[in-house]
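Here is a short briefing for a first look. Start with the structure itself, then read the points below topic by topic.

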Amino acid sequence: MGAAGLAGIVGSSFLGTGSLFTKKASAMDKTEMHHALQHQMSQGMAHGYDPGTDSTPGLEAAVKALTAFDYGTVSKSPDGKTIREYHIQAWDAEVEIAKGIKFPGWTFNGSIPGPTLRCTEGDMIRIIFGNGSAHPHSIHLHGIHPTNMDGLEPVPTGNTFTYEFEAKPAGLHPYHCHVPPLARHIHKGLYGHMIVDPIKPRKQAKEFSMVMNGFDLDLDGENEVYTVNGYAFAYQSRPLKVRIGELVRIYISNLTEFDPINSFHLHANFFHYYPTGADPDARPFFTDTIMQCQGERGIIEITFPAAGKYMFHAHQSEFTELGWMGFFEVE
Ligand SMILES: [Cu+2]
C-alpha cells in the first residue's frame, strides 16, 4: 500500500499544527514519519526534556498507566475468600499514540493498554465484560482456570459475559481479546495486564507496569510506532523518578503484534529478571537486557547505585528510534 495507503487510512488522524507532524497528512509517507519520530528522539536526547511543556492526553495516559492498579470492588464470600469484581467495557476509540498521531483503536475501558487488574493468589475474580464495540470480542486471560472461562467464546456487540475464576498462579499475566482474526483484534489494542500478587508479599518496592506494543497505522502488517503503555517517547518526556538504593519493580510484557520479539535494555546498570514471576523464590537472571516473544512477560527488579539519568529502551534500534525509549531519573 505504501505511501498512498498511509495517507488514506491514517490521514484523518494527524493532529496538525503544534506538533512535529505539521505537514498535511496527505503529503506524509512512512519515511517522513520515521524521520519525524527520529527527530523527536534526537531532540530529546540532545536537549533533555521539559516536563512543563509536553502534556498531551496520550502522554498523560501513558504516565498514569505506570502506576494505575485496579484492585476491583472487594467483598467476602461466605467461606471467607476475597472476591474482587472488575468492570471492563470494550469500545472503539481514537487514541493518541505519539505527538500528533492518533490511532483508530479497539479498547478495553478506552485506553491502550487496558486497565491493570491486580489481586492476590487465591482471590475469587469476577470480571463483568460488556462489549460496546462494533465487533465481537472476548477477554482471554493467561493463568490456571476452567476452560469455559478462557475467553474463546466471542461476546457479540451489545452483550455481556461474566468471567469467574480463582486467581492463580502468582505472577504477571497478560489478558487479550481472542476473537479471530487474532492479529487484528490484538493489534487494535485489546490487551492489558493482570498482576497476581503472591500470598507471601514480594519485598516493598516502587512499582511500575509496562506493556510493550506497536501500532500499524497503514495496515500493511508492519508497525510504524513502538511504545510502552501506548505513547511514543512517553518516559523521555517524563522520566521515571526513583531514589538511589530504592528497589524498583517493573511488571513488563510484550504485546507487540507483527514483530516476533520485543526487548528491554537498561543503561549503566544491571537488573534481576523473573520470567512470568510465578515463582517468587526462583533464582532470577542478572543482566542488562531481556527479550520477550509476544505474550511473554516477567518482573524486573532494579536498584540504582548513584544519581543520574539512566536510559532504557528496546535493544532493537528500529523500535528505539520509533518511540520505545525512556529514562529513569535517579535522585
Ligand atoms: Cu476482539
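The buried residues of α3 are covered by elements including β3 (82-98), β11 (206-215) and α5 (234-237). Cover here rests on contacts, where two residues touch if their C-beta atoms, placed from the backbone, lie within 7 Å. Helices (H or I, at least four residues) and strands (E, at least two) are DSSP runs, numbered from the N terminus. This is a predicted model: local features need pLDDT of at least 70, side-chain atom pairs count only at pLDDT 80 or more, and totals for chains, interfaces and linings use all residues. Residues are numbered from 1 along each chain as its sequence is written.

**Helix α3**

- Buried residues in α3 (residues 57-67) are G58, L59, A61, A62, A65 and L66.
- These buried residues fall within an arc of 160 degrees seen down the helix axis, so they line one face of α3. The arc is that of the directions from the helix axis to the C-beta atoms.
- An α-helix has 3.6 residues a turn, so residues three or four places apart point the same way.
- P57, K64 and T67 are exposed, on the face of α3 turned away from its buried side.
- A residue is buried if 20 or more other C-beta atoms lie within 10 Å of its own, exposed if 12 or fewer, and partly exposed in between; C-beta atoms are placed from the backbone.

**Whole protein**

- The protein has six helices and 21 strands.
- Of its 331 residues, 45% are buried.
- Among contacts with a separation of 6 or more, 71% are between residues 24 or more positions apart.

**Nonpolar core**

- The largest nonpolar core holds 83 residues, and I97 and V225 touch the most other members. Such a core is a set of buried Ala, Val, Leu, Ile, Met, Phe, Trp, Tyr and Cys residues joined through C-beta atoms within 7 Å.
- Strand β3 gives the most to this core, with six residues.
- Domain 1 (2-59 + 204-330) and domain 2 (71-197) each supply at least three residues to the core. The domain bounds come from an automatic or database domain assignment.
- Leaving aside residues up to four places away in sequence, I97 touches G58, F103, F215, V225, T227, G230, Y231 and A232.

**Strand β5 and its partners**

- Four of the five residues of β5 (residues 116-120) are buried, so the strand is largely enclosed by the rest of the structure.
- β5 pairs in the parallel sense with β1 (residues 69-70) over two bridges. Two strands pair if DSSP finds at least two bridges between them.
- F69 has T116 in β5 as its bridge partner.
- β5 also runs parallel to β10 (residues 191-197), joined by four bridges.
- In β10, M194 is the bridge partner of L117.

**A five-stranded sheet**

- Five strands form an open sheet with mixed pairing, in the order β13-β21-β20-β15-β18.
- β13 (240-242) and β18 (289-293) are the edge strands, each with a single partner, so one side of each has no neighbour in the sheet.
- β15 (residues 261-266) and β20 (residues 308-313) pair in the antiparallel sense over two bridges.
- H265 has H313 in β20 as its bridge partner.

**Residue E164**

- E164 lies in strand β8 (residues 160-166).
- E164 counts as partly exposed because it has 15 C-beta neighbours inside 10 Å.
- E164 touches I125, R126 and M149, residues up to four places away in sequence not counted.
- From E164 to I128 is 36 residues in sequence and 8.8 Å in space, C-alpha to C-alpha.
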